[in-house]
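Here are some notes to read alongside the structure. Please keep the sequence open while you go through the points.

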Amino acid sequence: MPPTESAMLKKRSRSGCHTCRQRHQKCDERKPSCVNCRLRGVECGGYGITLTDFTAQSGQKGQMVSKMRRGGPEVVNGQHIPVENPSDMPSGTGLRDLASPLGLTDEPEPEPDMSFLEALTAESLGPNPIEDYDISISSTDLDMIQDWSADTWSAGNQLMEDNADILDSSLLGSFCDPILYQTPQDPFDQYLFSHYMDALSLRLYPIKLDSNPYRTVYGALATESEPVLKAIMLASAFHLSKLGKLPAFAVKPYRIAMQRSFRDALKTQKDEWGLGATVFLSIVFDVIGTGMDTWSSKLIGCRQLLERTLSNRNLKMDSGLRCMLLQYNWAVTMGKTLLRGVVPAATFNELKCIDETSTLHGVAEDIEMAHHQSQWWDNLPDYQMHLFLRQATEYSLTVERLKFTPNGTDELLQLMPHVAQLVNKIQAWQPSVVTVQSEYMESIRHFNEIWRLGMICFVHGEIYCLESSDHLVQTYVEASLEPLRKLTWLQACLFPLFMIAVHAQTEGARAVFDSKLKEMHNVLGFQGPLSVASVLKSIWERSDASVAGKFKWKDVIKDLGMELNIIL
């Protein structure tokens with residue numbers, strides 16, 4: 001654990017390193033490099049006493065006195081010789097300063113706030129990015145991924161050997177293999193990893209501790225895959241900055257470290273499983289920030305990486321990989337609804353579930369996925385709801401296509417009984433049994449009810465094309481308010497909440513949705529819920545200004561130039 005601010009404030013150094021003394025800062029005198037210098041990412045001046053040339057100065061008794069420098073660089077013929085510092089921090093570790101939170105002088109300009117997804121874009125590095133830092137999943141990178149074949153793809157993950165230490169395997173949950181995992185040796189990196197395992201992962205999914213997928217799957221994978229580890233470190237630093245526990249500029253070294261790691265792994269065509277997980281986590285982690293950045297191309301890149309993983313004939317399909325495949329399929333299915341009409345057709349057509357690709361058909365069998373939905377996500381919601389969502393999404397796409405198809409009316413009418421049958425199934429849905437802590441049991445019923453009503457609003461709005469002002473739609477909106485008030489978390493529930501909220505017409509109903517999203521922001525320290533609340537406000541304003549409420553909520557999102565991320 002790094003020293004606390006209070007501890008550093010209590011200890012005032014009179015013999016600190018040269019750098020801290022020059023900056024008139026308190027120094028913890030840690031050797032060979034103090035914390036201040038490590039956190040700033042600068043070379044520590046050291047503690048050695050270096051004497052300059054003697055000068056003919058007289059003391060009180062007339063003796064000759066030398067000027068003295070503590071740990072400063074030696075001066076030879078007017079040139080500064082830097083003090084050797086063998087403890088330079090590893091790439092991507094350490095922060096630049098604690099001056100800002102401590103109120104000390106010489107505060108640098110803060111780094112511009114940057115979303116997690118922007119860490120995967122070349123544009124985030126300025127007008128002249130360094131090539132080694134450019135790790136965007138751009139068209140060039142997608143071409144590189146597409147060019148890889150199963151024969152040239154390197155299988156297997158390589159355990160990191162540098163800067164590693166042993167981690168208590170109990171942190172990784174009861175579903176992990178009983179082996180020793182490795183984490184960074186640097187104390188602050190350990191602190192960030194612990195923050196992810198003990199705090200951030202549970203904010204992403206709070207229900208079951210021993211099999212939390214963000215801990216058990218991705219936390220374990222981070223000990224084998226450097227890109228995943230760097231992504232987790234960046235997410236932790238990013239989250240701490242949002243909580244006000246870290247200055248914003250301190251995130252930059254971790255962003256650069258993740259970019260380097262991802263690009264290096266991408267170029268060497270290794271660690272395909274870890275690369276896919278890194279890209280997917282970057283989408284999930286963006287809810288810590290605005291949750292409004294482009295993520296469709298990242299989802300496509302994730303699929304291509306996973307396809308390479310699954311095409312390896314020697315691959316063992318462990319439960320962790322199936323967990324991610326399941327999570328990816330959920331994200332793609334929701335993405336098709338959120339992104340239709342928002343992204344170009346070429347991008348939209350590449351949004352495919354893993355089992356929808358011809359080469360991997362049947363790789364994610366429903367019966368197996370239902371088991372993993374229960375194991376990892378506690379049937380919240382269960383896999384049957386996933387199938388409902390996929391069916392409703394396909395129906396909505398078919399309806400949209402038939403609207404612009406000559407003589408498509410007959411086919412459209414023939415589809416309607418099937419849609420009605422789907423609505424009946426959703427109405428009669430009996431959620432699978434869940435086994436969670438007792439404090440969550442009451443909320444489970446409310447959670448499932450929000451999903452049921454959200455799916456019904458989705459069908460009525462996106463397939464039946466009913467206006468928000470329709471009495472039937474408003475009946476479902478009003479029915480959702482009470483369970484929403486009683487629900488104690490919104491993770492894994494943002495999508496159905498949004499599908500209901502876009503139809504809210506009264507000030508009272510809108511206030512409920514707005515307050516729950518702000519409550520989520522306050523509890524979790526995520527900025528994404530505030531973005532959802534802001535988008536909903538824009539949708540409501542457009543709805544109020546439209547004639548008879550005739551407008552499309554997707555047009556608002558498209559006009560905002562964003563891709564709303566509510567797939568958490």
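**Notes on the predicted model**

1. The loop between α9 and α10 (252-268) contains L243. This is a predicted model, and the points below should be read with that in mind.

2. Helix α21 covers residues 507-524, which is 18 residues. At 1.5 Å a residue the helix should span 26 Å, and its end C-alpha atoms are 26 Å apart, so the two values agree.

3. Where do the buried residues of α21 pack? They pack against α6 (187-204), α9 (226-242), α19 (471-486), α20 (494-501) and α22 (528-545). The buried residues themselves are A509, R510, V512, F513, K516, L517, M520, H521 and L524.

4. The structure holds three cavities of 30 Å³ or more. The largest cavity has about 260 Å³ of space. Its lining is made up of 21 residues, and those closest to its centre are W330, M334, A492, I567 and L568.

5. Which helix gives the most to the lining of the largest cavity? It is α13, with four residues. At least two residues each come from α11 (272-285), α13 (319-339), α15 (366-377) and α20. Of these helices, α20 is also among those that the buried residues of α21 pack against.

6. By type, the lining of the largest cavity has 19 nonpolar residues, two polar residues and no charged residues.

7. How many disulfides are there? A disulfide needs two cysteine sulfur atoms within 2.5 Å, and by this rule the count is zero. C20 is in no disulfide: the nearest cysteine sulfur belongs to C17 and is 3.6 Å away.

8. C20 is buried because its relative accessible area is 2%. C493 also counts as buried, because its relative accessibility is 0%.

Terms used. Residues are numbered from 1 along each chain as its sequence is written. This is a predicted model: local features need pLDDT of at least 70, side-chain atom pairs count only at pLDDT 80 or more; totals for chains, interfaces and linings use all residues. Side-chain values use heavy atoms; hydrogens and water are left out. Buried means under 20% relative accessible area, exposed over 50%, partly exposed in between (1.4 Å probe, protein chains only). The expected span of a helix is 1.5 Å times one less than its number of residues. Contact means heavy atoms within 4.5 Å. On a 1 Å grid over the protein atoms alone, a cavity is a set of points where a 1.4 Å probe fits but cannot get out, and a pocket is an open set with protein on both sides within 12 Å along at least five of seven lines; lining residues have an atom within 4 Å of a point. Grid points are joined across faces, edges and corners, and a volume is the space filled by probe spheres set on the points. Ala, Val, Leu, Ile, Met, Phe, Trp, Tyr, Cys and Pro count as nonpolar, Asp, Glu, Lys and Arg as charged, and the others, Gly among them, as polar.
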